[in-house]
Amino acid sequence: MADAQYVIIKALPSPQGYYDLRQLAGLTPPPMESVPRALVNSFVCFLAYERRHMTDAATPAPEQTAIAMGRLLGDCSLFLQVCDVAVHPEHQRKGIGKRIMQALVDYVDKHAPNAYVSLVADPQAQKLYPLFGFKDVQPSVGMFRMLRGRRIQDEQVPKENASEM
């Protein structure tokens, strides 16, 4: 059973662990110099570890890296955003993403029950989020703004052109 193989812990990853897991899971790695500040400003983060490598029930071994993560950011009360839901490819399709999402939803329900929680779903994850009560925002439209380059259909868009999208 997958639940017995993995432990979910409320904790922040190291900046390098965060960067590496995003990259391994197929998410765009952010500029490394921005990662430490981003992590510190999280509302909450949950990490998944393989139980067999744990020092004890709640402590990863010193060299152990997280195999999944999920993070919430926002004002801690009214507006939150789910981000960084990532599972290492070798551990995908084992229910870990669902367990991470359940931990995030449970945390919001307890600590920010009046929050409007939003997210942007990559195509491969669009079936996961409705399982936790997330709905399409129609008739609204999701938008973004980012000054650094952005990958679109496997093409790198230069920084100066990113705002033209």
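How many disulfides does the structure hold? The structure, a predicted model, holds zero disulfides. The close-up views below begin with the cysteines.

View 1. Cysteine 45 takes part in no disulfide. Cysteine 76, with a relative accessibility of 40%, counts as partly exposed.

**View 2. The aromatic pair of phenylalanine 43 and tyrosine 107.** Four aromatic pairs are present in the structure. One of them joins phenylalanine 43 and tyrosine 107 in an edge-to-face arrangement, with 5.5 Å from centre to centre and 70 degrees between the planes. The pair links distant parts of the chain, its members being 64 residues apart: phenylalanine 43 belongs to the loop between helix 3 (35–40) and strand 2 (44–50), whereas tyrosine 107 belongs to helix 4. Phenylalanine 43 and tyrosine 107 are both buried. Together with Phe46, these residues, Phe43 and Tyr107, make up one aromatic cluster.

**View 3. Helix 4 and its buried residues.** Helix 4 covers residues 96–111. Its 16 residues should span 22 Å at 1.5 Å a residue, and the end C-alpha atoms are 22 Å apart, so the two values agree. The buried residues of helix 4 are Ile96, Gly97, Ile100, Met101, Ala103, Leu104, Val105, Tyr107 and Val108. These buried residues pack against strand 1 (6–10), strand 2, strand 5 (68–74), strand 6 and strand 7 (116–118).

View 4. Glutamine 92 is located in the loop between strand 6 (79–87) and helix 4 (96–111). With a relative accessible area of 36%, glutamine 92 is partly exposed, because this value falls between the limits of 20% and 50%. A polar atom of the glutamine 92 side chain lies 2.8 Å from the backbone oxygen of valine 87. Glutamine 92 and alanine 25 are 67 residues apart along the chain, and their C-alpha atoms are separated by 9.1 Å.

Notes:
Residues numbered from 1 in each chain as written. Predicted model: local features only at pLDDT ≥ 70, side-chain atom pairs only at ≥ 80, totals over all residues. Heavy atoms only, no water. Helix = DSSP H or I, 4+ residues; strand = E, 2+ residues; numbered from the N terminus. Buried < 20%, exposed > 50% of the residue type's maximum accessible area, 1.4 Å probe, protein only. Polar contact = N/O pair within 3.5 Å; in protein donor to acceptor, adjacent residues only side chain to side chain. Phe/Tyr/Trp six-rings, centres within 6.5 Å; stacked < 30°, edge-to-face > 60°. Expected span 1.5 Å × (residues − 1). Contact = heavy atoms within 4.5 Å. Disulfide = S-S within 2.5 Å.
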